[in-house]
Amino acid sequence: MSLDSITTTIDDAVSDFFDPVATAVGDIVFYAVPVGGTELPLIVAWLVVAGLVFTGWFGLLQARKLKLALDVVRGKYDEKGSPGEVNHFQALTAAVSGTVGLGNIAGVAVAVSIGGPGATFWMILCGLLGMATKFVEVTLGVKYREEHEDGTVSGGPMHYLPKGLADRFGGNGAKLGKVLAVLASVMILFFGLFGGNLFQTNQSYAQISSTFGGEDGFLASSAGAVLFGLVVAALVGLVLLGGIRSIASVTSRLVPAMAIMYVLACLIVILTNVTAVPDAFGSIIEGAFEADGVAGGVIGALIVGFQRAAFSNEAGLGSAPIAHSAVKTKHPASEGLVALLEPFIDTVVICTMTALTIVIASPASWDAARAGESIGGVTITSDAFETVLPWFPNLLTVAVLLFAFSTILTWGYYGLKAWSYLFGRSRTSEMTFKVVWSVFVVAGSLLSLDSLISLADSALFLLSVFNIIGLYLLAPVVKRELNSFLDFVRARRAGTETGTEDTGLEATKAP
């Protein structure tokens, strides 16, 4: 029996077994209600409402403190001797690498096909709201992180939910937090293995095999698939062995490079068609409020835009605090401010650039998709770039590979922290996870496992239910941490020393 027939048999067997489960769970997690002639998934409303609540609670923090966030990333308020493993910039790029991926390339194309150009406006708005949610969860992640004897740290919802709720509500809070922490760990681990690993490998392999050689090329063969999987697994394994410091070292170079490369390509298309820019912006604004010929009209554009942004930047899902918790800081809110830049980069910048490029280039495949034809999102985006850059599909393949590789790395770290919470931090336990993770990388080049990917998506968004409950209950803690950090900033600016009694840590004067 050939390897192709074996993998096909496995795919079919897994699909037959998990399809009913994935469908049933998906129907619950993504339950939608009719609104304005279209369907609104309640989980998307849950995430958007959280963004609205936290934006109001913290007084439009994402606008008022954006400059301060940039100053923190630049290291202006760093302190010697701060606990943690990586600096603010490295923590940000590590977290961004987990969100910037195929969704920014393919998902956005699908959004503007279903929701029209107007979906872009609502996507931007949702990204801006998500900045506040990200601030809250990351501040809690650093506040309640666990510092180990070897200098490493662990953070995320599996730590701040039990510790934070115990702090605020005593024994009953501790019990609730423990249950939520275990559920959050399971969701993170499950999505990591299938969505953050196997799916990324599978899609990047599909892109590279179709670009280089096509169906008749070596890469399209079973041997090519195995070779691709082994190479990626080896690279991922080497980086994972070094922990967050190694991951941050790679992502701090990789993420800016791939983001700049991608945005520059977008700008080339936009500037080449500069005369079409005013009309493109006009169609985005008009489509947001006067959608015509789009599923659900205005409401449809709004829902699709919100949904794309929520799926893309992961604000409120509890994943990003795991990476941000490794930051070197004595002030949790400092990293919370850094984290609010994440949805801005992911959604407001990169997703918007993709959407604008497609709207301006208006490739034939986009028109066909809007007319109802089934066309892949990557194809639409690639065609948009190809109108100006005929060689761009090759560069897009590189971008897809880099996005996928960085996502696998970051979700490998997230998965390890969830695994360690559930099964302990022993050397054997952690090495077992890294072996399992690498095996899934190789499997991803051979198997599609669509039903498990669907189930993983459900798990990730179910995580937001557990996480945001905790965020609402712990919002007062975040406000105290913010006030404490702002006091420190004012003192630093005045050239004086200040204490941070709320956190039990002492601030030091700038050198």
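Student: What classes of residue make up the lining of the second largest pocket?
Tutor: In this predicted model, the lining of that pocket has eight charged, five nonpolar and four polar residues.

Student: And how many residues line the second largest pocket, and which lie nearest its centre?
Tutor: The lining consists of 17 residues. Those nearest the centre are Thr152, Gly243, Leu416, Glu430 and Lys434.

Student: What is the volume of the second largest pocket?
Tutor: Its volume is about 370 Å³.

Student: Which of them gives the largest share of the lining?
Tutor: Helix α19 does, with four residues.

Student: Changing topic, which residues form the nonpolar patch on the surface?
Tutor: The patch is formed by Leu238, Leu241, Met431, Val435 and Val439. Together these residues have about 480 Å² of accessible area.

Student: Which helices supply at least two residues each to the nonpolar patch?
Tutor: They are α9, which covers 222-241, and α19. Helix α19 gives the most, with three residues. Helix α19 also provides four residues of the pocket lining discussed above.

Student: Where is Leu238 placed?
Tutor: Leu238 is in helix α9.

Student: Does Leu238 count as buried or exposed, and why?
Tutor: Leu238 counts as exposed because its relative accessibility is 60%, and exposed means over 50%.

Terms used. Residues are numbered from 1 along each chain as its sequence is written. This is a predicted model: local features need pLDDT of at least 70, side-chain atom pairs count only at pLDDT 80 or more; totals for chains, interfaces and linings use all residues. Side-chain values use heavy atoms; hydrogens and water are left out. On a 1 Å grid over the protein atoms alone, a cavity is a set of points where a 1.4 Å probe fits but cannot get out, and a pocket is an open set with protein on both sides within 12 Å along at least five of seven lines; lining residues have an atom within 4 Å of a point. Grid points are joined across faces, edges and corners, and a volume is the space filled by probe spheres set on the points. Ala, Val, Leu, Ile, Met, Phe, Trp, Tyr, Cys and Pro count as nonpolar, Asp, Glu, Lys and Arg as charged, and the others, Gly among them, as polar. Patches are made of residues with over 30% relative accessible area and no salt bridge: like charges are joined within 9 Å, nonpolar side chains (Val, Leu, Ile, Met, Phe, Trp, Tyr) within 5 Å. Accessible areas come from the Shrake-Rupley method with a 1.4 Å probe; for residues, only the protein chains shown count as cover. A salt bridge is a side-chain nitrogen of Lys or Arg within 4 Å of a carboxyl oxygen of Asp or Glu. Buried means under 20% relative accessible area, exposed over 50%, partly exposed in between (1.4 Å probe, protein chains only).
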